[in-house]
Amino acid sequence: MAILAMDTVGFLQSVNRLERRFGELTSPEAMREACAHPERRDPLDHRLFVLADDVYGCGGWTTTICAAASSLMGDLITECRRFMKGTASVVRKYGMTVWLYDLVNDASKALFVGEPSDRTPLLIHPVPAQELAKRCARNGRRRYGNKREQKWAMHDHCAQMYRLAAYSMLRWGGREPRSLDIAGMMITQPWLGMCMLREDDKVLGMGALPDMRYRRVGDYIKELRAAADLDYARALAAGEVTVLDGERAPGFAEVDTRYVYDAERLIEALESLWNERCRCGELGMQGDDGDECAAASDRDEADGRDNIDGYGNLDWNDETGGSDGLCESGCNPAALAHEILMDVEQTGDKPELPLWRNPAYLQDVANSLMGPSYAGMLWLGFEDHDRELLDMGVKQLREFMGFVKDIGFLVMPVCVLSACADDQVRRAMEAAVASGKVKAADLPKYTGLSQSECDAMLDAEGRDADCADESCLDGVCDGSCGVTPCCDAPGDEEDSMMSVGASMAAVAIARMPNENLARKAALALILCEPKQYGDTVLALLEDEKPCESDDDSEVGKRAEVKTDTLVA
């Protein structure tokens, strides 16, 4: 064990620049100038946003800091200064890893006890200026609205702190070999990512539980991935893998082929598990239209699906049912995966299951193909006995797979992110027009889009008009809107965008052919910056050109044009 090699000096320099800029914008002189000449004041200082984004990533604290400098609310300014000074103080004294561990631990405890943390930004969700002023004057949990809003705030703050930890590992952990794995786990298995921060001696020195059994889980996941690599190599040698032809970005032909192979095998495995579950004695098929299980509601009550223990104890050596214990133990592979990983952590016992029947591996490969946001549709389909929802998740995976076949994996993550951004812009336009605040004819002036582009976006309203009322389960969007995945928080469109960015970052970390490219791509995606990702892609293509043949160079040129078109 040792200290995680984070760029603490560079981080503290960025915090210092952020504090200085924030101080300039909120100084008494700046306030007097704003009162005397309000028309000269820029509502958003771009430099402040860039600095805050560099330190805290894409999240609530960046928004709150920018809003405080823009609104000049005294209480909000004080709140932001306190948080920035606390950040610098902790990192300077104990290091970045302790600061990150403290943030995710504090947010997790707040969610567990049901009491919002005092480190939750006041603008964790957008609110009108009058409501923000009222919240600044309140104390305790009432600062975050009513009970429903408090619950959203705690949930979103916890998710954002894990994403901040992942971002920090990507941004400031370039010298630390373990930082990429930690960042990936912070997104796909947050509890494990948090435990991995204990690899830093300073975290243990601050009182973190010195339980290192989580290493068994990390090692087990690596074993599953190694077994998958061997399985793929065997299938490739046996001619069972369809090698993709056509134009491929330099170095990505193997990546594209492996993506399609894993996606096809995952779909086969999920179909097999679903059909097997529905053949169990207590479940019957409803009919040919939807393949719903007739006894789903009875099974819901019997299983107690809100309790992870309700999925039963797995009998991995069951020889009577011919189903390896999966069918009898529950319906949700993600929940079964959690049970498996917990058992590996606590006892060290590893289940003897075929690779493509192991829920732990199915969850891991689904996260590497779609990211946890989109993969959530698959697991919700199993949990709610909803064949339509499962089919929706499979359809989304097939769309990703088709994109990789036709265009390539290299630009797939950023195109998913861009599609989500376009969808959110369209929703904002629809809301503005519906509320009467903006006329449809004035949208080009506010959005910077042409009239035809605005009309096209508004015409798409019919695709998901019923989503909010009919297609959402317990407030979680099921993805039927086209591009919006299972959101991190009920009703929070902005956080959905950040969730997609983090999910695509996890896909990039898992699938990119080298660590340097994976880090750069994931960093751009988790910041929700398509242009930054495009610059990374174009730089890769430029670097590859000198060592290519004439034919390869022409392929690279066409790929560059295609990439530029997609991410521009």
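Reply: Arg216 is partly exposed, with a relative accessible area of 34%, where buried means under 20% relative accessible area, exposed means over 50% and partly exposed lies in between, all with a 1.4 Å probe and protein chains only. This is a predicted model, in which local features need pLDDT of at least 70 and side-chain atom pairs count only at pLDDT 80 or more, while totals for chains, interfaces and linings use all residues. Residues are numbered from 1 along each chain as its sequence is written, and side-chain values use heavy atoms, with hydrogens and water left out.

Arg216 belongs to helix α12, and helices here are DSSP runs of H or I with at least four residues, strands being E runs of at least two, numbered from the N terminus. Setting aside residues up to four places away in sequence, Arg216 touches Val344, Glu345, Gln346, Thr347 and Gly348, contact meaning heavy atoms within 4.5 Å. With Gly348 in particular, Arg216 has a separation of 132 residues in sequence, yet the two are 6.6 Å apart in space, C-alpha to C-alpha.

The axis of α12, residues 214-237, comes within 10 Å of the axis of α17, residues 359-383, and the two cross at roughly 75°; axes are lines fitted to C-alpha atoms, for helices over the stretch in contact, and angles run from 0 to 180 degrees between N-to-C directions. α12 and α17 are therefore roughly perpendicular to each other, a description that covers 65 to 115 degrees, with angles under 35 counted as roughly parallel, over 145 as roughly antiparallel and the rest as oblique. The residues that meet are Tyr220, Ile221, Leu224, Arg225 and Ala228 on the α12 side, and Ala360, Tyr361 and Asp364 on the α17 side. Sorted by class, this contact between α12 and α17 holds six nonpolar, no polar and two charged residues, taking Ala, Val, Leu, Ile, Met, Phe, Trp, Tyr, Cys and Pro as nonpolar, Asp, Glu, Lys and Arg as charged, and the others, Gly among them, as polar.

Leu369 sits in α17 and is buried, with a relative accessible area of 0%. Apart from its neighbours within four places in sequence, Leu369 is in contact with Tyr259, Asp262, Ala263, Leu266, Leu397, Phe400, Met412, Val507 and Arg511. One of these, Ala263, is 106 residues away along the chain, while the C-alpha atoms of Leu369 and Ala263 are separated by 7.0 Å.

His385 has a positive phi of about 55° although it is not a glycine, and at 3% relative accessibility it counts as buried.

It remains to set this part against the whole. The protein comes to 26 helices and two strands, and buried residues make up 53% of its 568 residues. Among contacts in the protein with a separation of 6 or more, those between residues 24 or more positions apart account for 68%. The pair of Arg216 and Gly348, 132 residues apart in sequence, and the pair of Leu369 and Ala263, 106 residues apart along the chain, are examples from the part examined here.
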